[in-house]
Amino acid sequence: MRLELDGITKRFGSLVANDHVNLTVEPGEIHCLLGENGAGKSTLMNILFGLLHADSGEIRIDGAPVTFADPGEAIRDGIGMVHQHFMLVPVFTVAENVALGFEPTRRFGWLDRRSARAQVRKLSTEFGLEVNPDAVVETLPVGVQQRVEILKALHRDARLLILDEPTAVLTPQETEALFHIMRSLKASGRSILFITHKLKEVLSVADRITVMRLGRVVGSTAPAQTDEEALATMMVGRNVELVITKPPGHPAGTVLQLEHLTVSDERGVTVVEDVDLEIRAGEIVALAGVQGNGQTELAEAVVGLRPVRSGSLRLAGVDLTHTSVRQRIHDGLADIPEDRQLDGLVLSLSIAENLILDQYDVAPFAHLGVRNLSAMRANGDRALNEFDIRAVNENVPVGTLSGGNQQKVVVARELARRVKALIASQPTRGLDVGSIEYVHRRIVEARDDGAAVLIISSELDEVLALGDRVAVMYRGRIVGIVDPGVGRETIGLMMAGGGTPSAGNEGVTEHVGVSAGEEP
Amino acid sequence: MSVVTATLPADPGPDEQEIRSRTGRFVSLRRVRGMGIFLIGLAVIMVLPFGLKVPSNLSAIFTLSEPPSITVPNLVQPVRATSIGLAIACAIVGVILITRKSSRGSYLIFSFGTLLFLWSFLVWVGRGTSLNFVSLLAETVIYSTPIIYGSLSGVLCERSGVINIAIEGQFLAGAFLASLVASATGDVWLGALCGAAAGALFGALLAFLSLRYGADQIIVGVLIDAFALGLTNFLLQEIFTDHPNLNSPPVFTDIAIPGLSKIPVLGPALFDQNAIVYGAAILLVVIHLALFRTRWGLRVRAVGEHPTAASTVGIHVLQIRYTNVILGGVVAGLGGAAFTIGSYGQFTSNMTAGLGFVALAAMIFGRWRPFGGLGAALLFGFSISLVSFIGVLGVNIPSPLLAMAPYLITIAVVAGLVGRVRPPGADGVPYKRE
């Protein structure tokens, strides 16, 4: 399919989300649409998929103009979309999800389940998307769920696939597997529109690259003609530091000390087992690992959101194992949580209120149980400037900010205290290049001010960029602590539970996920 | 991009139990042990008050045959010996539960244990006299019927994502109009039709307010209940006091199914009932099949679980919700008709007595499945009919206290005493197109 977007314009009130956007996707092409959060990529895709309607401009498929009133019409014309937040019914099986809306039936609307299953099997062999048609979707790993989304689009005979930030939720291995699938779709003559803000991915998989900024197309190029720095500059509009230059640290005495720490989940299953870890003042330890290997629970146990079953936790010599969150905050622990919208912020409260969530009841923000609102607002105003939070003023609800600015609010609050130790879980997840740079810089500054920092990240780039030492977690245990200099391959291997480097790495990676569940 | 080698590690230990918890009812082994201890506690009651405290010469006689079934001899049971025997069996079942390693099928075993207790209880109640076991079962079916309709109504609505608290009100409206129309025309079928229409009307009101305006479904539902109660009371006073002939409808007559109704004990209870009871059985099967085997059902469940996902494949979410809420009203209205023209005849003030809420509890207990709701409805129906039996036998328990029993069971069920259940993903969540 040859898709042309010609002069697409969309306004929301005074905001121009798409300003005369032109874009052409050739048949059998992987076309990357690159841009920061808020650049207008999602708006454009929603217009293309019939979820929004353009104020002006034209969509042409194979030269013929089309309009889509709803997603059903876009699907009919061969457009398939894999949404960033999967559109799958969690309790349905794979086959039911794939069939939904286009169900094979017999008489009286009776479902033909056998043919639905056969359809899934046929498509999955054809494109190497291995998945069990009878598996219940919510029990599948994220990477496999994404395959189901792709199968859904193929089942509807999509000739152009829109992938909206598909790698945001994937592990490095799953990402490689996805790229392999994308290449096989391309080989079958289908076009792919791949939306992302990750530069490495763009360069490794794209045929053409279109960059958007502030609702406009600011350039178009191909991987051979560009590099990460050039793309980042185009995307952000200024020079950005992709990998933070970090002076060597000057670690002092041990501040955060975990001894034989063991933690269970809600069902009583041990998820963190016998973890020993020491972090010194002025040092960043990056905890690497594939999601779901106990890092989240470890972080929750350290900040006090999850009980410790056995072992101990000390901060500057003080035993915190069984103390309250409040006590830990008082003792100098700061936390940038994994899910900022759930655990980091109260979205309906203002920026100023969110900035003092940890000290709303103490001076200067309260006196004799009465809050001092002007002190709160002054504090908010100061933070806006100091932390470069982009907002109209400190009184707007934090939920109206972009992801990057929300994270800056969390960082501003946590680093406002006298911090002895900082726990940062996935601190840059879902952030754009500019914000990532900023958050990284702040974390390094906290280290240089003498804090012990624990970074938990499933992004290898981040682990390597920030860590003074790298601890790797696998199945609840720390399998090793290494210098980041040992390289991506070694750490990647440790993340997968050790194993030996095999010949033909590429081949192994391609089958990632297919063999999920097997011991390496 | 450098390649990271190795296979993806297995998800760290989501054990078998956890996976099942997502698809069905989650039962921890601790809860299973709790059930076992509970059964042993019941066994103690069976040995002491039901067994040893009863004079050894007393017997309970269960009448097991009633027309049109073939005649079988009465069951004569010495109270003390029977109770102690049943107590031993119940204790063994309890021990089995306590020592189990897997929780699979525990509810079935537990239900068996409680049945043993109920049997012993009946023997104790019937000591020194005779108890018509067949009519106890028949009454159970009759009392269960409206609850079955109500729970089916709930299933239809909630599977599409709308909470129907208004079942109670739809019951009342259906009961009232069915009585009025059947009295005026002398036609029970027309009465049932109008009962269904009354339910549909209140269903449409719920749908309109909660889907069009996104009003809170629970609040709207409760208001509809209050409104229906007030309205039927008002009309009862305005119309029926002056025209009592408009509130004396004919009732559906029992139809004995040839052959099947001759089965001893179960025959008269299940196969010698009226059209409204048979209607519940037919609806049960039809709704079950439609929900789980047809395209329509797949779409309804998708809308109830994840409406946005449904809409991105071209399914009209609101259209399905409107249809289902109104259909739910129809079914609840028929359930209402069961109160008047299905059994009792006359309409009385607040005659549904909260059974609409009990039906909702039955639906929850039945995990939002038609046949699950059936089991729960029969349990509630049995407890109601048992209460009325005990009243007749003149057992020394205050009758208002007994009358609370079915509701206590309901509270226990809703509080999750009998297991954690998971509602449809988008149950009660208003849908807005982005």
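My entries follow, starting with the ground rules.

**Ground rules**

I am working with a predicted model, in which local features need pLDDT of at least 70, side-chain atom pairs count only at pLDDT 80 or more, and totals for chains, interfaces and linings use all residues. Residues are numbered from 1 along each chain as its sequence is written, chains are lettered from A and ligands numbered from 1 in the order in which they are written, and side-chain values use heavy atoms, with hydrogens and water left out.

**Entry: domains of chain A**

I began with the domain assignment of chain A, which gives domain 1 (3–236), domain 2 (242–332 + 419–520) and domain 3 (347–416). Such bounds come from an automatic or database domain assignment. I then looked up the C-alpha centres of domain 1 and domain 3 of chain A, and they lie 37 Å apart.

**Entry: the two domains of chain B**

Chain B is split into domain 1 (18–128) and domain 2 (135–419), and the C-alpha centres of these two domains of chain B are 29 Å apart. For contacts, I counted heavy atoms within 4.5 Å. On that count, 15 residues of domain 1 of chain B are in contact with 21 residues of domain 2 of chain B.

The size of an interface is often given as the accessible area lost when the parts come together. Here domain 1 and domain 2 of chain B bury about 1500 Å² between them, and 69% of it is on carbon and sulfur atoms. Buried area is the accessible area (1.4 Å probe) that two parts lose on being put together, summed over both.

Next I asked which element gives the largest share of the side of domain 1 of chain B that touches domain 2 of chain B. Helix α4 (residues 106–125) of chain B does, with five residues. Helices (H or I, at least four residues) and strands (E, at least two) are DSSP runs, numbered from the N terminus.

**Entry: salt bridges**

Side chains of opposite charge can pair when their charged atoms come close. The rule I used wants a side-chain nitrogen of Lys or Arg within 4 Å of a carboxyl oxygen of Asp or Glu. How many salt bridges does the structure hold over all chains? There are 32. Across the interface of domain 1 and domain 2 of chain B, though, the rule finds zero.

I picked out A:Arg216 and A:Asp19, whose side chains meet in a salt bridge at 3.0 Å, N to O. This pair links distant parts of the chain, with A:Arg216 in strand β10 (residues 216–221) of chain A and A:Asp19 in strand β2 (residues 15–25) of chain A, 197 residues apart. A:Arg216 counts as partly exposed because its relative accessibility is 47%. My cut-offs were under 20% relative accessible area for buried, over 50% for exposed, and partly exposed in between (1.4 Å probe, protein chains only).

A:Asp468 and A:Lys246 also meet in a salt bridge, at 3.1 Å, N to O. Both sit in loops of chain A: A:Asp468 between α16 (460–466) and β21 (469–474), A:Lys246 between α8 (228–236) and β11 (254–264), 222 residues apart.

Is A:Arg306 buried or exposed? It has 12% relative accessibility, so A:Arg306 counts as buried.

The peptide bond from A:Ala363 to A:Pro364 is cis, with omega near 0°. I found A:Pro364 in the loop between α12 (351–355) and β17 (366–367) of chain A.

A:His20 has a positive phi of about 45° although it is not a glycine, and A:His20 lies in strand β2 of chain A. A:His20 counts as exposed because its relative accessibility is 52%. A:Asp274 likewise shows a positive phi, of about 50°, without being a glycine. A:Asp274 is in strand β12 (residues 270–280) of chain A.

**Entry: two single residues**

A:Ala232 is in helix α8 of chain A and is buried, with a relative accessible area of 1%. Not counting residues up to four places away in sequence, A:Ala232 touches several residues, including A:Leu199 and A:Val240.

B:Val76 is in strand β2 (residues 75–78) of chain B and counts as exposed, because its relative accessibility is 51%. Leaving aside neighbours within four places in sequence, B:Val76 is in contact with B:Ser59, B:Ala60 and B:Ile61.
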